[in-house]
Amino acid sequence: MNALLKDKNIVVMGVANNRSIAWGITKSLHDAGANLIFTYRQERSKQKLEKLLDKNQIDAKLVVACDVEDDDSIKQAFQEIGDDAGTIHGLVHSVAFANTDELKGDYADTSRDGYLLAQNISSYSLVAVTREARKYMSEGGGIVTQTYLGSERVVPNYNVMGVAKAALEASVRYLAEDVGKDGIRVNAVSAGPIRTLSAKGVSGFNEKMSVIEEKAPLRRQVDQDQVGDATLFLLSDLARGVTGEVLHVDSGFHIVA
Ligand code: NDP
Ligand code: KAL
């Protein structure tokens, strides 16, 4: 237990189950004394989340539905959060989606609809939620999103999602400039491969995981708790001088040739 986020109201988007990166983040933020507010899309995720909170004796301040494909849903969710919490001090964006059939084969075969869907949910959503959340971030604070190395390098099968993450990382920089004047920082964590529901069943995931143990400087897998602690750092005052940054939590894999 530490007091890095004591009495801070933090919104966490993207817990689907106990393997979710957002759940690792939840544990770190809870240990730091934060008041937690959650958003979910599917009813199934809400049920899993409520069970997890119960089992871990974490009291959520609020749990609200939010489909990031839908502006009205985002507006409604943040209005409810703002009405309940008064002030938001932090936001964790941990959502992404692309059609499975576009996460294999040639990137050149990506359909227009598939491209736009990946951009919509995985990248534009950060712009939309930043706009709504900042209305309630009157005391400043931090926003952290989740990205992957496939934005910087060509990683087989990541395809349309790599391009969405490149846009997401560019958004982090543009948003950081916009909201910096209000004392709000915007950063991303670039995690190494972690076995989650999203990662399940996508081609090439196992190979990407094993190469970390072989080639990354630390020669060990990345887990949700490591991403949780790095996200906590970025949300906390310890990172008060850091914005527009992409912090790699990948056992150092991105530095090796
Ligand atoms: P999860 O499957 O656990 O989480 C994905 C989340 O995205 C789910 O909670 C899902 O909610 C949510 N989501 C999808 N579409 C929408 C939508 N339209 N509106 C609201 N929420 C939506 O996977 P991860 O924890 O792995 O993924 C979290 C983030 O981490 C993603 O941005 C991913 O790209 C990133 N990342 C993951 C890595 C990994 O190896 N796992 C590596 C690097 C980055 P629901 O189920 O309710 O629809
Ligand atoms: C090179 C890697 C191997 C895998 C390639 C692509 C991974 C893309 C991630 C993307 C978020 C996956 C999906 O959108 C899956 C979706 O089509 C089907 N799944 C679902 O609908 C489930 C039920 C819900 C919960 O999922 C979502 N997203 O809502 C990349 C690896 C090494 C690293 C990863 C996995 C990165 C990442 O961004 O997740």
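**View 1. The largest nonpolar core has 66 residues, and Ile10, Val11, Val12, Val92 and Ala133 touch the most other members.** Such a core is a set of buried Ala, Val, Leu, Ile, Met, Phe, Trp, Tyr and Cys residues joined through C-beta atoms within 7 Å. Helix α5 (residues 159-180) gives this core its largest share, eight residues. Buried means that 20 or more other C-beta atoms lie within 10 Å of the residue's own, exposed means 12 or fewer, and partly exposed is in between, with C-beta atoms placed from the backbone. The model is predicted: local features need pLDDT of at least 70, side-chain atom pairs count only at pLDDT 80 or more, and totals for chains, interfaces and linings use all residues. Residues are numbered from 1 along each chain as its sequence is written, while chains are lettered from A and ligands numbered from 1 in the order in which they are written.

**View 2. Ala133 is in contact with Val11, Phe78, Ile88, Leu91 and Ile143, leaving aside neighbours within four places in sequence.** Contact requires C-beta atoms, placed from the backbone, within 7 Å.

**View 3. Strand β1 (residues 9-13) is largely enclosed by the rest of the structure, because five of its five residues are buried.** Asn9, Val11 and Met13 point one way from β1, and Ile10 and Val12 point the other way. β1 pairs with strand β2 (residues 35-40) in the parallel sense over five bridges; pairing needs at least two bridges found by DSSP. Ile37 in β2 is the bridge partner of Val11. Helices (H or I, at least four residues) and strands (E, at least two) are DSSP runs, numbered from the N terminus.

**View 4. The buried residues of α5 pack against α4 (112-134), β5, β6 (184-191) and β7 (246-249).** Among them are Val160, Leu168, Val172 and Val179. With 22 residues, α5 reaches 32 Å from its first C-alpha to its last, close to the 32 Å expected, which is 1.5 Å times one less than the number of residues.

**View 5. Around ligand 1 there are 29 residues, of which Ser20, Ser45, Ala96, Thr196 and Ser198 come nearest.** A residue is near a molecule if its C-beta atom, placed from the backbone, lies within 6 Å of it. The shell divides into 17 nonpolar, nine polar and three charged residues. Here Ala, Val, Leu, Ile, Met, Phe, Trp, Tyr, Cys and Pro count as nonpolar, Asp, Glu, Lys and Arg as charged, and the others, Gly among them, as polar. α1 (21-31) and β5 (141-147) each supply at least two residues of the shell.

Definitions and conventions: Two residues are in contact if their C-beta atoms, placed from the backbone, lie within 7 Å.
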